[in-house]
Structures are given as C-alpha cells and as structure tokens.
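User: I am new to this structure and would like a close look at a single part of it. Please take your time and connect that part to what surrounds it.

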Amino acid sequence: MPLSDFENIGDLSPATKLVAGGRRKDWTGAVVNPPVWRASTHLYENTAALAEGPRHNEDGRFFYGRRGAPTQWALCDALTQLEPGAAGTVIYPSGVAAIVGVMLTLLRPGDELLITDNAYDPTRSMGLGLLTDFGVTTRFFDPLDLAAYEAAFTEKTRAVMLEVPGSLSMEVCDVPALTRIAREKGALSVLDNTWASPLGFQGLTKGADVVVMALTKHVGGHSDLMMGSASAGAELYGKLRERAQQLGNIVSPDDAALALRGLRTLGVRLKQGTETALKIAQFLSQRPEVAQVLCPMLPGAPGHDLWLRDFTGGSGLMSVVFKDVTMARRNRFVDALKLFGIGYSWGGFESLCIPIAPAGYRSIMPWPPAAENPADVFGVRFSIGLEDAGDLIADISQALEAMGQG
Ligand SMILES: *Cc1c(COP(=O)(O)O)cnc(C)c1O
C-alpha cells in the first residue's frame with residue numbers, strides 16, 4: 001500500500017517530504033490536511049466484514065479506536081517517510097511513553113540495558129525504577145569512552161540506549177561506532193534523536209535499530225502538545241506496534257493533527273533556531289563570564305567535529321557553563337532575562353532558559369569535566385526560539401550585566 005499519493009516520495013528531499021508526507025487522498029479527501037477523525041467505534045458493513053477479524057488490525061485499516069484512525073495514521077506515515085530506513089512509526093502519548101514502550105518491547109526479565117550516562121533524566125529513572133522492578137538490570141556508560149563501553153557488555157546485554165547530544169551537557173558521541181559495537185555484541189541500539197530530528201541526524205542509517213523522538217519538542221513545535229514516536233525497520237516496527245497496542249497507547253486525533261501541523265514547518269523552524277543559536281553561541285563565547293558554550297554547531301565547542309561529520313543540521317537547544325559565577329549570580333541572570341521563559345521542555349517557537357546542574361543526573365561521568373571544584377560551577381540551558389537574534393542577544397547581554405558581582 002503506498003504511504004502517500006505523492007509518487008516516489010522516498011526519492012524526494014526532506015523539505016519536500018515535510019510538505020507531502022502522509023497526505024493520502026483517501027484520508028484528506030478534497031482538503032489539504034486529514035480531518036480530525038474522532039472515533040472509538042469503527043463501524044463494519046455487516047457481520048461478514050466483522051468476521052474478517054484480525055485483518056482489520058493492519059496498518060491503514062479501520063478496526064477500533066485504540067488503533068487510531070486516519071489523522072494518527074497520516075502522522076505516522078509522514079514520520080516514517082522522513083526517517084530513512086524506517087518501515088513504520090508508532091506514536092505514543094509522550095516522549096517518555098515512547099522510550100518506555102520501546103524498552104518494554106525489547107527487554108525481558110534477566111536482560112541488561114546499557115544507558116548512556118548523559119541521558120534525559122526520566123530515561124535514567126526508567127532504568128533505575130520501572131525496569132528494575134521488572135527484572136531488567138540497568139548500567140550506565142560514558143559514551144565518549146569507547147573502550148569502557150565495549151567492556152561493559154555481557155552476554156545478557158540486550159539493548160543500548162543512546163542520546164545525542166547528551167541531555168543538558170550536550171556531549172556528541174560517535175553513534176556509528178557505538179551502534180557497531182552493540183551489534184557486534186548482539187545488542188540492539190535505541191537512539192533518542194529528539195535534538196536533531198531526522199532532518200539533522202538519520203539514526204537508522206547510522207546504525208540505530210530504533211529511533212525515538214519526543215514530538216513534544218521540535219515536531220509539535222508550539223509548546224501545546226505531548227507526544228512521542230518510535231520508528232524502526234519492518235521486523236521491530238511490527239513488535240513495537242503490537243506492544244504499544246497491548247499497553248493501550250493511543251494519541252488523540254486532535255493532538256495528531258496539531259503534530260502534523262507542526263511537522264509541516266519543522267524544517268524552517270529548525271533552520272532558524274539553529275542559525276540564531278549559533279549567533280548566540282558566538283556572542284556568549286566572547287563573554288568573560290562564560291567558561292564554555294556547549295553548542296555542537298559552534299566551531300571549537302565540544303563535539304563540533306563529530307557534529308560536522310555525522311549531522312545534516314542543528315537545533316536551538318544549547319547550554320552554557322559560567323566562570324567564577326555563584327549560584328546566586330547565575331539565578332539572577334536567569335531571573336533578569338525578559339524574552340526567555342523559565343520552564344522545562346524545549347523546541348517551541350518561544351525561547352526558554354533554565355538553570356542546570358547535570359552532576360545530579362550522572363552516575364559515572366563527572367560534570368563539568370575537569371573542573372577543580374565541580375560544586376562551584378553553574379550553568380544554564382537555552383532553548384532558542386524564533387525571536388529576532390539581535391533582540392535575544394540584547395536581552396542576554398542586559399541579563400549578564402544584571403547578574404553583577406559576588
Ligand atoms: C523531553 C524529552 C523527552 C520526553 O518527552 P516528553 O514528551 O516530555 O515525555 C525524551 N527525550 C528527550 C531528549 C527530551 O528532551
């Protein structure tokens with residue numbers, strides 16, 4: 001069954017796929033976007049049609065509300081078309097639900113999971129909490145230390161959880177090398193690709209077996225919905241889909257329509273956010289209050305070389321480590337910003353800034369690396385939105401002045 005009425009969509013460039021993806025005529029009718037199909041019950045023509053039973057539980061066929069309807073299917077199709085190497089995409093009610101859904105598909109009691117030490121904190125908590133309760137052992141590894149990583153595998157290691165760049169601290173790891181080692185050891189690699197999206201990093205072609213995104217961030221893009229996705233090749237996709245159904249995961253058609261709307265402009269938003277973030281990174285790297293700008297697109301920043309080698313795009317999420325700045329001064333900086341909201345999440349159209357303390361979310365990687373007194377080092381994370389770069393830099397500049405001394 002074609003994924004789209006646009007012929008050979010697989011040959012088109014990502015910008016065109018963002019526009020054409022998921023727009024099957026059966027689902028859109030005469031309008032551009034698929035309508036919001038609100039449905040629990042799907043009706044059958046007659047008892048003979050009903051008796052076909054399991055055949056209805058196939059992609060693109062009406063069955064029952066928990067399997068979604070064309071609004072959700074269109075979003076899944078569009079995401080699959082964007083992800084080179086994917087045969088299908090499952091959507092979940094949040095990014096965390098996607099990560100947990102994937103792990104509950106791949107892992108069994110007695111298995112071991114290796115999680116990158118700089119993973120998003122709820123991913124870490126899943127390993128230490130939920131998965132431990134279900135008999136899975138989690139261990140953390142430093143994704144920049146390939147030798148230690150390789151040595152961490154045992155015959156029980158079933159899966160590896162990667163994230164690039166690392167949460168808050170923004171390290172860029174060598175995904176092709178890490179996934180190659182996992183494969184040699186007989187383990188599956190799952191990549192959280194929320195930062196770059198498939199526009200900036202094509203995870204399945206870089207060796208990951210499953211790519212996960214928090215659609216809450218860039219794809220939604222407007223800070224008004226929660227959703228996650230997992231894309232994979234045919235065999236794993238089938239397993240993910242079945243487990244998601246067993247877990248009762250379903251996304252509302254309204255949210256799917258919003259996510260599809262966000263997806264259409266993902267390319268221009270990411271490009272703009274990346275460009276502005278780089279300008280801000282350059283500005284900050286010249287400031288005396290700043291020890292380090294953690295922005296992979298910035299020449300000279302940690303991970304820049306691997307970013308150049310492996311990525312086709314960037315994102316507006318970056319962090320900054322201050323120099324000789326107390327917690328009180330750092331907090332004054334954040335409070336003095338006028339154009340940056342203070343809040344979790346990121347990837348929306350509006351800029352955000354939060355204080356960060358990655359050390360509290362690490363088991364084996366010191367943060368910041370090589371600091372004499374790590375407890376005295378403070379930083380922030382910016383999510384750069386679509387405001388004018390000059391206005392944002394002026395705002396950051398006045399906040400640096402307002403931070404004062406001591
Ligand atoms: C936010 C985030 C998630 C989780 O997404 P939610 O939709 O908030 O559950 C997962 N991974 C990364 C890297 C994130 O930033």
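How many nonpolar, polar and charged residues does the lining of the second largest pocket have?

Analyst: By class, the lining of the second largest pocket has 11 nonpolar, two polar and four charged residues. The model is a predicted one, and the description below should be read with that in mind.

The second largest pocket has a volume of about 350 Å³, and 17 residues line the pocket, with Leu168, Tyr344, Ile354, Tyr361 and Arg381 lying nearest its centre.

The chain is divided into domain 1, residues 3-264, and domain 2, residues 266-403, and their centres, taken over C-alpha atoms, are separated by 28 Å. Where the two domains touch, 41 residues of domain 1 are in contact with 36 residues of domain 2.

The loop between H15 and S10 holds Leu337, which counts as buried because its relative accessibility is 7%, under the cut-off of 20%. Leaving aside neighbours within four places in sequence, Leu337 is in contact with Cys353, Phe382, Asp395, Ile396, Gln398 and Ala399. The C-alpha atom of Leu337 is also separated by 15 Å from that of Asp388, a residue 51 places away along the chain.

For comparison, the other spaces in the model can be described in the same terms. The largest pocket holds about 420 Å³ of space and is lined by 26 residues, of which Asp59, Arg67, Cys76, Thr89 and Tyr237 lie nearest its centre. Its lining divides into 12 nonpolar, eight polar and six charged residues, and the largest share, five residues, comes from H4. Helix H4 (70-82), strand S1 (88-92) and H11 each supply at least two residues of that lining. Helix H11, residues 234-246, also contains Arg241, which is buried with a relative accessible area of 12%. Beyond its neighbours within four places in sequence, Arg241 is in contact with Asn57, Glu58, Asp59, Arg67 and Val90.

Finally, the structure holds one cavity of 30 Å³ or more, and about 110 Å³ of space lies in the largest cavity. Its lining consists of 16 residues, of which His218, Arg269, Gly347, Gly348 and Ile384 lie nearest the centre. Helix H13 (residues 266-285) provides the largest share of this lining, five residues, and by class the lining has six nonpolar, nine polar and one charged residues.

Conventions
Residues numbered from 1 in each chain as written. Predicted model: local features only at pLDDT ≥ 70, side-chain atom pairs only at ≥ 80, totals over all residues. Heavy atoms only, no water. 1 Å grid on protein atoms, 1.4 Å probe; cavity = no way out; pocket = protein on both sides within 12 Å on 5 of 7 lines; lining within 4 Å. Points joined across faces, edges and corners; volume = space filled by probe spheres on them. Helix = DSSP H or I, 4+ residues; strand = E, 2+ residues; numbered from the N terminus. Nonpolar A, V, L, I, M, F, W, Y, C, P; charged D, E, K, R; others polar. Domains from an automatic or database assignment. Contact = heavy atoms within 4.5 Å. Buried < 20%, exposed > 50% of the residue type's maximum accessible area, 1.4 Å probe, protein only.
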